[in-house]
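Morning, everyone. I have one complex to go through today, and I will take the chains in turn before the contact between them.

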Amino acid sequence: MVARDTDAERASSVETARQQAIREEIARLRALLHEARPPHEARTPTGEVDRAASPAEWEARLATAEDLNARLRASEAFTARLLAASRDSIQVLALDGTVQWLTEAGRLDAAAIGSTWAASWPEPGDRIAAEVALAAARAGRTGRFRAPSGPREAMRWWDVVVSPIQGPDGIPERLLAVARDVTEAHRAEEQQALLMQEMAHRLKNTLALVQAVAAQTLRSAPSLESAMDAFNGRLMALSDAHDVLIRGAWAEADLAAVVEGAMAPHIDAMDGRFAAAGPRVGLGPRSVLTLSLMLHELATNAAKYGALSSPTGRVAVTWALAGEAEAMLHLRWEESGGPPVVPPRRGGFGSRLIERSLVHSFGGRVSLRFPREGAVMDLEAPLAAMQDGTA
Amino acid sequence: MTSDPDRHPQDSRQDGPDPACDAAPVVLLVEDDGLLLMEAADTLAEAGFTVLEAPHADQALKVLESRPDVEVLMTDVDMPLGSMNGFALARLVSRRWPRIPVLVVSGMGSPGPHDMPPGARFIPKPYAPSALVRTLHDTVRRAA
């Protein structure tokens, strides 16, 4: 740490008591020198008679002393600025853990001097971690822990390293505790852990849903081959619904996007024969999955037996908000222009899903009718239930 | 072919073998997802249970008040529509109807220290249907 002249100049304002003592001593010596006659006999600071020293030599020695003093001041000032520049809280502790000195960036004020450092951590577990770190440093090693401090609403997290300050004999003389503010990183880690937990939860729920779809498909399928076809179609419908949900950050999806996503696999073959219309309505993840599966079942059925099985058939999906404060969602699936309708057998996956799922999950009503002109489904559900955020 | 939301609880009574009891034990199934409920109800009905259904805790309490023959409660945890989640329902039921054993199922890891009432069982989702049936039979047998 080499001092520069500029440092020496700036340092003069923060002169320490020791520096002041040296400066005053030099001034005193200089005054003595000028008073002393004859100048051939002078005394060294230790009192011996220094017959060799001439006034010029004394001046030279004083100049050297002044220069050394300036360098010392600069060096101390630089050290002070260095410590002030650090964003870390730096504390010097006695071997017993008492605070002896600390930087201003610290989480404690000057009143902390003389206090027990380990006791300054609010959590009992962290006080133990602090004691363990102190013991490590006393033994010549490095102790490290992470702990919070401060009021709950403005809590900061610290990464704390305690290391020994060795004396000339190499034995720890005092301890150095450096605490770095890692609050941002800590919050990010907490957030990530929360996201992982949330993702694990969603994944489990999705697996449970796929399990139910698989089991229900096998229960109602006439053959393994048809079960395979139906299951793949349903899995694809769930996958498309996830795409729609991910676009809305899993919080909300636009009903129009849900309808479009569910119809996309069936739309190629029916250029201009499908129409969707309705106001903008945001739906929650649960209803997006349920509704996507329902629309998939209706579309699959229409492609096999209904309006989408003939070149002249059409499908319209329309929706509106009704009731007090537009609290009810009405959605209609209407087929027309297809072959004369023969009502499907009851109890299949599609009709059970439509009849039970929405009614059960959202407290709504569904009617699925099969007039000769084409299948019609009307559903009605409280919008609030369909907008709920979980899946 | 109209469904009516006021028709809860729905009975899906089916005859089936049951080694534990002579009659089909009555289970109240509380699950907000219609598809999961449908599958669980089918599984339990096939295993010889009489299944009552409720989509959320408030409906479940109504069923319990009107059906003294409920022998076991099986509930999901996350049920946004009701006024309480499955853990709170499980605790309430074990206080109000101590003779009814409780089984909690959920996809959200394992329960916290104070989530479950004493003696209640927990099964993580997804579960093997045979494990669910076995656990429910055990639970009913122990309570009998």
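Before the first figure, one term: two residues are in contact if their C-beta atoms, placed from the backbone, lie within 7 Å. With that in hand, take chain B: among its contacts between residues at least 6 apart in sequence, 64% join residues at least 24 apart. Please keep in mind that this is a predicted model.

Staying with chain B, its secondary structure comes to 4 helices and 5 strands. In sequence order the pattern reads β-α-β-α-β-α-β-β-α. The chain has 144 residues, and 41% of them count as buried.

Chain A next, for the overall figures. Its secondary structure amounts to 10 helices and 14 strands. Of its 391 residues, 27% are buried. For contacts in chain A between residues at least 6 apart in sequence, 56% join residues at least 24 apart.

There is one record entry to mention. UniProt, in an unreviewed entry, lists residues 141-194 of chain A as "domain: PAC". In the model that span is 22% helix and 52% strand, and its end C-alpha atoms lie 35 Å apart.

Now a helix pair in chain A. Helix 2, residues 17-35, and helix 3, residues 55-85, pack with their axes 10 Å apart and at an angle of about 170°. Angles over 145 degrees count as roughly antiparallel, and helix 2 and helix 3 of chain A are therefore roughly antiparallel to each other. On the helix 2 side, the contact is made by Gln19(A), Ile22(A), Arg23(A), Ile26(A), Leu29(A), Arg30(A) and Leu33(A). Helix 3 of chain A brings Pro55(A), Trp58(A), Leu62(A), Ala65(A), Glu66(A), Asn69(A), Leu72(A) and Arg73(A). Sorted by class, this contact has 9 nonpolar, 2 polar and 4 charged residues.

Still in chain A, look at the loop between strand 11, residues 314-322, and strand 12, residues 328-336, where Ala325(A) is placed. Phi of Ala325(A) is near 55°, a positive value in a residue other than glycine. Glu326(A) lies in the loop between strand 11 and strand 12 as well, and its phi, near 50°, is again positive in a residue other than glycine.

Of its 13 residues, 11 are buried, so helix 1 of chain B is largely enclosed by the rest of the structure. Among the buried residues are Leu35(B), Leu36(B), Leu37(B) and Met38(B), and also Glu39(B) and Asp42(B). What covers them? From chain A, the cover includes helix 5, helix 8 (285-304) and helix 9. From chain B, it includes strand 1, strand 2 and helix 4 (129-143). Just after helix 1 of chain B, Gly48(B) takes a positive phi of about 100°.

Helix 2 of chain B, residues 57-66, has Ala57(B), Gln59(B), Ala60(B), Leu61(B) and Leu64(B) buried. Their cover includes strand 1 (26-30), strand 2 (50-54), strand 3 (72-76) and helix 3 (86-96) of chain B.

One last local feature. A cis peptide bond joins Lys125(B) and Pro126(B), with omega about -5°. Pro126(B) is found in the loop between strand 5, residues 121-124, and helix 4 of chain B.

That is what I have; questions are welcome.

Technical notes
Residues numbered from 1 in each chain as written. Chains lettered and ligands numbered in written order. Predicted model: local features only at pLDDT ≥ 70, side-chain atom pairs only at ≥ 80, totals over all residues. Helix = DSSP H or I, 4+ residues; strand = E, 2+ residues; numbered from the N terminus. Buried ≥ 20, exposed ≤ 12 C-beta atoms within 10 Å, placed from the backbone. Axes fitted to C-alpha atoms, helices over the stretch in contact; angles between N-to-C directions. Parallel < 35°, antiparallel > 145°, perpendicular 65-115°, else oblique. Nonpolar A, V, L, I, M, F, W, Y, C, P; charged D, E, K, R; others polar. UniProt positions renumbered as here; feature names shortened; annotations may be inferred.
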